[in-house]
Structure formats: C-alpha cells, structure tokens
Amino acid sequence: QTPTVEVLQEWAASNGISHPVLADASWQVSYRYQFAGYPATHLLAPGMDIVAVDAHIAKADIEALLPN
C-alpha cells in the first residue's frame with residue numbers, strides 16, 4: 001500500500017530529510033528514470049534531465065545545477 005502524503009512527511013521529518021520524497025504507486029516515475037531498486041538516488045537537472053543514477057553525488061555537483 002502506498003503511504004499517504006502525511007505519512008511520508010512525518011517519516012521524512014523524523015529522519016531529518018528535507019528533500020522531496022515521492023510515493024510512486026503506479027511506478028510511472030520509477031520507469032521514466034530507470035529505477036534500479038530501493039533506495040534510489042537520481043540527480044535531475046533543470047528540464048528533468050538525468051545527471052546521475054545511484055552514484056555518489058557530491059555537494060558541488062548539486063550546487064552546479066542550482067540556479068544562480
């Protein structure tokens with residue numbers, strides 16, 4: 001069963017997670033971004049282009065993609 005938004009928000013807050021968390025019950029997003037397993041980390045550039053999948057993503061990599 002897919003968790004509710006409230007459950008996900010509580011879980012993220014209790015684990016100190018501030019980035020968006022996705023409940024993908026239909027797997028549409030997972031398939032689009034070549035899901036490999038849980039947990040999965042994808043770094044997306046503006047325009048939703050995949051930059052990295054399940055790789056070490058350095059702070060500098062993330063900051064380079066942020067708007068100025």
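Helices (H or I, at least four residues) and strands (E, at least two) are DSSP runs, numbered from the N terminus. By that assignment, the protein chain has three helices and two strands, and along the sequence these follow the pattern α-α-β-β-α. The structure is a predicted model, in which local features need pLDDT of at least 70 and side-chain atom pairs count only at pLDDT 80 or more, whereas totals for chains, interfaces and linings use all residues. Residues are numbered from 1 along each chain as its sequence is written, and side-chain values use heavy atoms, with hydrogens and water left out.

**Confidence**

- The pLDDT, the predictor's confidence in each residue on a scale from 0 to 100, averages 79 over the protein chain, and 90% of the residues score at least 70.
- Confidence in the protein chain is highest in helix H1 (residues 5–14), with a mean of 87, and lowest in E1, with a mean of 78.

- Accessible areas come from the Shrake-Rupley method with a 1.4 Å probe, and for residues only the protein chains shown count as cover.
- The protein chain has an accessible surface of about 5,600 Å², and carbon and sulfur atoms hold 57% of this surface.
- Of the 68 residues in the protein chain, 12% are buried, where buried means under 20% relative accessible area, exposed over 50%, and partly exposed in between (1.4 Å probe, protein chains only).
- Among contacts (heavy atoms within 4.5 Å) with a separation of 6 or more in the protein chain, 0% link residues 24 or more positions apart.

**The E1–E2 hairpin**

- Two strands pair if DSSP finds at least two bridges between them; strand E2 (residues 49–53) is joined to E1 by four bridges, and the two run antiparallel.
- E1 and E2 form a hairpin with three residues between them, and Gly47 in the turn has a positive phi of about 90 degrees.
- In strand E1 (residues 42–45), Leu43 and Ala45 make up the covered face, while His42 and Leu44 make up the uncovered one.

**Residues in and beside the hairpin**

- Asp49 lies in strand E2 and counts as partly exposed because its relative accessibility is 48%.
- Apart from neighbours within four places in sequence, Asp49 is in contact with Leu43 and Leu44.
- The C-alpha atoms of Asp49 and Tyr33 are 9.2 Å apart, although the two residues are 16 apart in sequence.
- Thr41 is found in the loop between helix H2 (28–32) and E1, and counts as partly exposed because its relative accessibility is 39%.
- Thr41 and His56 are 15 residues apart in sequence, with a C-alpha to C-alpha distance of 8.9 Å.

- Side chains of opposite charge can pair when their charged atoms come close.
- A salt bridge is a side-chain nitrogen of Lys or Arg within 4 Å of a carboxyl oxygen of Asp or Glu, and the count by this rule is one.
- The partners are Lys59 and Glu63, whose closest N and O atoms are 3.8 Å apart.
- Because Lys59 and Glu63 are four residues apart in helix H3 (residues 59–65), they are separated by about one helical turn.
- Lys59 is exposed, with a relative accessible area of 62%, whereas Glu63 is partly exposed at 46%.
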